[in-house]
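Try each task before reading its solution.

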Amino acid sequence: MSLTNSEISLLLKLFTAHMVSDYFLQFSSWSKDKEVNKIRSKKLYLHILITFLAAFLFSGSFWAALFIGVTHYLIDLGKIYLKINRFVLFIIDQALHTLILLITWLCLIDGWQWLKESTIWLVDTPQTWILVFAYGVITFPLSVVINIFTDRWRSQLEPDRQESLQKAGLWIGVFERVLILTFILTNQFSAMGFLIATKAILRFKDTETKQMEYVLIGTLMSITPTILLGILAHYLITSL
């Protein structure tokens with residue numbers, strides 16, 4: 001069972017409607033008003049009305065738009081009262097909105113059988129697990145290995161070390177490896193040059209030899225196993 005162009009277009013329309021109502025037509029002053037006035041915020045209800053109208057305009061279905069509008073209200077209301085990390089809250093908020101849009105889309109196209117067959121195919125396909133394993137390994141497991149491997153030099157660096165953002169190095173490494181693996185799997189080897197070249201923006205004084213060597217060995221320790229794993233994963237995916 002495969003999707004038709006109109007079914008795919010409908011999904012894209014629902015996401016476009018969400019993007020328009022949640023980002024283009026919701027201003028920062030509205031978010032502040034919701035934080036202050038909470039359930040009594042007039043901006044909250046205005047935002048929900050816009051969400052409903054956008055969903056109806058893009059999907060052409062009153063009931064789908066009503067479902068999206070009501071669930072959007074409940075999710076946003078919960079977000080107002082939930083006091084957790086702002087980034088985590090944003091991820092949860094958008095994940096729930098995405099889930100609602102997918103459910104709405106599946107109901108509109110009667111696509112539950114397609115979802116079941118696609119899920120079984122993905123789970124039973126070895127290429128899926130090669131990708132899951134490869135991307136999983138290069139994120140936090142490899143960060144732990146790099147951290148242990150470079151510990152001997154970090155202790156030497158500590159007295160002269162400049163202040164840096166908390167965990168910035170960890171996340172730079174994770175994003176760097178994700179991009180490198182993606183470039184290898186998509187045969188975009190030239191793009192890796194631009195990525196590695198961004199490291200050149202780092203500048204050190206002549207007296208900061210230890211720190212320069214520390215950054216260099218950390219970078220090589222990060223990209224070398226990622227490249228090797230990417231080549232192996234690409235070989236396995238194309239061979240199976």
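## Exercise 1: Two loop residues

K38 is found in the loop between α2 (28-37) and α3, where helices (H or I, at least four residues) and strands (E, at least two) are DSSP runs numbered from the N terminus. A word on the ground rules: this is a predicted model, in which local features need pLDDT of at least 70 and side-chain atom pairs count only at pLDDT 80 or more, while totals for chains, interfaces and linings use all residues. Residues are numbered from 1 along each chain as its sequence is written, and side-chain values use heavy atoms, with hydrogens and water left out.

Solution. Now move to the loop between α10 and α11, where N187 lies.

## Exercise 2: The faces of a helix

Task: which residues of α11 are buried, and which are exposed on the other side?

Solution. First, take helix α11, residues 189-197, and pick out the buried A191, M192 and L195. Next, look down the axis of α11: the buried residues fall within an arc of 110°, so they line one face of the helix (the arc is that of the directions from the helix axis to the C-beta atoms). Then turn to the other side of α11, where S190 and F194 are exposed. Finally, ask what covers the buried residues: the cover includes α10 (168-185) and α12 (209-239).

## Exercise 3: Core and cavity

Task: which residues touch the most other members of the largest nonpolar core, and which residues line the largest cavity?

Solution. A nonpolar core is a set of buried Ala, Val, Leu, Ile, Met, Phe, Trp, Tyr and Cys residues joined through side-chain atoms within 4.5 Å. The largest one has 14 residues, of which L14, I68 and W105 touch the most other members. Two or more residues each come from α1 (5-24), α3 (42-59), α4 (62-81) and α5 (86-109), with α5 giving the largest share, five residues. Zoom in on W105: leaving out residues up to four places away in sequence, W105 touches L3, E7, L10, L11, L14 and W114 (contact means heavy atoms within 4.5 Å).

The largest cavity holds about 50 Å³. Its lining is made up of L14, A17, H18, S21, T51, A54, A55, I68, H72 and L101. The elements giving two or more residues to this lining are α1, α3 and α4, and α1 gives the most, with four.

## Exercise 4: An aspartate in a helix

Task: is D93 buried or exposed, and what does D93 contact?

Solution. Locate D93 in helix α5. Its relative accessibility is 3%, so D93 counts as buried. Leaving aside neighbours within four places in sequence, the contacts of D93 are D22, I75, D76 and K79.

Terms used: Buried < 20%, exposed > 50% of the residue type's maximum accessible area, 1.4 Å probe, protein only. 1 Å grid on protein atoms, 1.4 Å probe; cavity = no way out; pocket = protein on both sides within 12 Å on 5 of 7 lines; lining within 4 Å. Points joined across faces, edges and corners; volume = space filled by probe spheres on them.
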